[in-house]
Amino acid sequence: MNPSITDVDAATLAAWLAQRGEPAYRLKQIRRAIAHSTAADFGGLTDLPLGLRGALAEAFRWSSVELATEVASADGETRKVLLRLHDGHHIESVLMPHHGERNSVCISTQAGCPMACAFCATGEMGLIRDLTRGEIVDQVRYWQRELRSRDDRVSHVVYMGMGEPLNNYGPVMGSVRALTDPELFGISPRRITISTCGIVPKIDALAEEGLPIDLAVSLHAANDRTRAMIMPVNRKWGVDDVLDASARYVEKTKRRLTFEYILLKGVNDSVADAERLGRRIAARGRTSMYHVNLIPVNAGPGGFERPSAEAMELFARTLESHRIAATVRISKGQDIAAGCGQLKVPEGRAAVPL
Ligand code: SF4
């Protein structure tokens with residue numbers, strides 16, 4: 001099978017063009033089209049000569065993802081697509097517009113996920129396979145094409161869909177570089193967020209990349225016993241390991257870091273939990289560099305329930321008493337299972353051959 005054009009780097013494409021005797025400016029033209037054209041295939045790139053369009057179509061695939069199904073939320077804004085990959089596996093990707101001000105896209109980095117967090121539908125699937133750089137980029141490109149057709153564009157990208165991004169480090173970093181490349185998508189790195197369940201060595205590696213992207217670290221509990229119960233990764237890297245790596249990331253990058261904390265009634269939502277969490281974060285110093293997103297659990301595996309609104313507010317205020325900023329965030333698109341922890345390929349679709 002031919003490679004997808006988004007899996008081909010600039011140097012390889014330049015060499016391919018040179019071999020065909022094409023002028024060097026075609027490289028820029030093609031790369032711009034990859035990111036911004038609304039064409040459905042190479043044939044739609046009418047700025048290019050017919051012969052070149054045909055040769056591109058013979059050598060590369062225009063996209064590595066194909067729409068299987070789409071659902072829209074009742075709020076009229078959030079949309080979720082199920083995308084088919086070339087080998088018949090599927091992934092989900094979500095567009096979350098925010099009142100015409102910005103268009104955030106939540107993308108997947110793996111088909112399924114091996115991390116088995118107790119509250120997460122993706123974790124129930126297990127890992128099917130890592131995505132390639134092109135398969136990650138093409139999710140953004142899918143939404144970019146949709147938005148361009150009404151004169152809009154993707155403004156923010158969050159790596160919070162299916163999979164653990166830092167377990168697929170090379171392709172994920174390749175995709176970040178493609179999305180931030182001014183000759184491709186030109187999205188500011190400050191508008192890109194990578195979320196991790198706490199893969200400590202990879203958090204350290206990310207800090208060395210010199211990319212001013214945002215990092216969101218999923219804590220979900222303030223002590224190892226509870227965290228290990230809901231996040232098996234904690235058996236390898238405990239709360240202190242994750243907090244220390246987060247502090248090193250902040251120190252190295254000078255970027256503010258977000259802790260994600262899913263609130264599960266009767267599991268991790270007590271004032272004592274908030275006290276412990278506040279104390280443990282504050283012990284690392286620089287409290288103004290941290291922010292805690294408190295996310296009431298969405299319907300999903302494990303049968304967890306949300307705490308009351310009062311309990312969530314009390315949790316946030318307790319963190320604030322330790323000078324840790326905290327916000328209660330309700331996921332959008334829950335009615336279409338597009339909220340945090342809800343992405344999952346429908347039964348029977350994960351391994352359907354083409
Ligand atoms: S929450 Fe993230 S890391 Fe955990 S199982 Fe789900 S997708 Fe994987």
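Start by selecting residues 66-72 and 79-84 in this predicted model. These are strands β1 and β2, which run antiparallel and are joined by six bridges. Zoom in on A72: R79 of β2 stands opposite. Now show what links the two strands. β1 and β2 form a hairpin, with six residues between them. Pick G76 in that turn; its phi is positive, about 75 degrees.

Select L82 and look across to E92 in β3, which stands opposite. β2 and β3 also make a hairpin, here with five residues between the strands. Click on G88: in this hairpin it takes a positive phi near 90 degrees.

Move on to the helices. Select α7, residues 200-207, and α9, residues 239-253. Their axes come within 9 Å and cross at roughly 5 degrees. An angle under 35 degrees counts as roughly parallel, so α7 is roughly parallel to α9. Show side chains for the contact. From α7, take V200, I203, D204, L206 and A207. From α9, take D241, V242, A245, R248, Y249, K252 and T253. Colour them by class: seven are nonpolar, one is polar and four are charged.

Last stop: the ligand. Which residues surround the ligand? Select C113, M115, A116, C117, C120, T122, G123, M162, G163, E164, C197 and G341. The shell around the ligand divides into seven nonpolar residues, four polar and one charged.

Methods. Residues are numbered from 1 along each chain as its sequence is written. This is a predicted model: local features need pLDDT of at least 70, side-chain atom pairs count only at pLDDT 80 or more; totals for chains, interfaces and linings use all residues. Axes are lines fitted to C-alpha atoms, for helices over the stretch in contact, and angles run from 0 to 180 degrees between N-to-C directions. Helices (H or I, at least four residues) and strands (E, at least two) are DSSP runs, numbered from the N terminus. Angles under 35 degrees count as roughly parallel, over 145 as roughly antiparallel, 65 to 115 as roughly perpendicular and the rest as oblique. Two residues are in contact if their C-beta atoms, placed from the backbone, lie within 7 Å. Ala, Val, Leu, Ile, Met, Phe, Trp, Tyr, Cys and Pro count as nonpolar, Asp, Glu, Lys and Arg as charged, and the others, Gly among them, as polar. A residue is near a molecule or strand if its C-beta atom, placed from the backbone, lies within 6 Å of it. Two strands pair if DSSP finds at least two bridges between them.
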